[in-house]
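Please look over the sequence and the structure shown below, and keep both in view while reading the report that follows.

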Amino acid sequence: MQEDVRVTIWVRGRVQQVGFRWWTRARALEIGLNGYTSNLGDGRVQVVAEGAKGDCEWLLELLRGPDTPGRVTGVTELWGVPGTGYDGFAIR
């Protein structure tokens, strides 16, 4: 069994006003992750996901892939331990 982790992801590019958060939420729910996604004031989208490490890696791979809405120019992640937990996957 894989350990649970938290990954915080920042996505750069044309990722606001293009359905990016909705797409990310749908992928995270399909994978079985909990967390949230939100727009940041500087134009990036932040994603916080908790679940099995392999599942979080799969979401990260999807966010770096060619099928996202808009145009992703960069993805940065920070790995950590899960917090108090999230109920489902929210758009903030």
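How many bridges join strand 1 to strand 3? Eight bridges join strand 1 (residues 4-14) to strand 3, and the two strands run antiparallel.

## Basis of the report

This is a predicted model, in which local features need pLDDT of at least 70 and side-chain atom pairs count only at pLDDT 80 or more, while totals for chains, interfaces and linings use all residues. Residues are numbered from 1 along each chain as its sequence is written, and side-chain values use heavy atoms, with hydrogens and water left out.

## Overall build

The protein chain has two helices and five strands, where helices (H or I, at least four residues) and strands (E, at least two) are DSSP runs numbered from the N terminus. Read from the N terminus on, the elements follow the order β-α-β-β-α-β-β. The radius of gyration, taken over C-alpha atoms, is 12 Å, close to the 12 Å that the globule rule (2.2 Å times the number of residues to the power 0.38) gives for 92 residues, so the chain is as compact as a globular protein of that length.

Along the principal axes, the C-alpha atoms fill a box of roughly 35 × 25 × 20 Å. Of the 92 residues, 38% count as buried, where buried means under 20% relative accessible area, exposed over 50% and partly exposed in between, with a 1.4 Å probe and protein chains only. Among contacts (heavy atoms within 4.5 Å) between residues at least 6 apart in sequence, 77% join residues at least 24 apart.

The five strands form an open sheet in the order 4-1-3-2-5, with mixed pairing; two strands are said to pair if DSSP finds at least two bridges between them. Strand 4 and strand 5 (89-91) stand at the edges, each with a single partner strand, so one side of each is left without a neighbour in the sheet. The twist averages 15° from one strand to the next, with axes taken as lines fitted to C-alpha atoms, for helices over the stretch in contact, and with angles running from 0 to 180 degrees between N-to-C directions. Strands of a sheet pair through backbone hydrogen bonds, either parallel or antiparallel.

Strand 1 pairs with strand 4 (residues 71-80) in the antiparallel sense over nine bridges, and within that pairing R12 stands opposite G74. On strand 3, D4 has A52 as its bridge partner, while T8 stands opposite V48. V48 also has Y36 opposite it, in keeping with the six bridges that join strand 2 (residues 34-39) to strand 3 in antiparallel fashion. The hairpin of strand 2 and strand 3 has five residues between the strands, and there G43 takes a positive phi near 95°.

Helix 1 lies across strand 1, strand 2, strand 3, strand 4 and strand 5, running at about 175° to strand 5. Helix 2 packs on the sheet as well, touching strand 1, strand 3 and strand 4, and its direction makes about 150° with that of strand 3.

Leaving aside neighbours within four places in sequence, V47 is in contact with residues including I9, T24, Y36, L59 and F89.

Is strand 3 largely enclosed or left open, and why? Eight of the eight residues of strand 3 (residues 45-52) are buried, so the strand is largely enclosed by the rest of the structure.

E50 lies in strand 3 and, because its relative accessibility is 7%, counts as buried. A polar atom of the E50 side chain lies 2.8 Å from the backbone nitrogen of G83. Beyond neighbours within four places in sequence, the contacts of E50 include V5, R6, L33, C56 and Y86.

Notes
A polar contact is a pair of N or O atoms within 3.5 Å; within protein, one must be able to donate a hydrogen and the other to accept it, and residues adjacent in sequence count only if both atoms are side-chain atoms.
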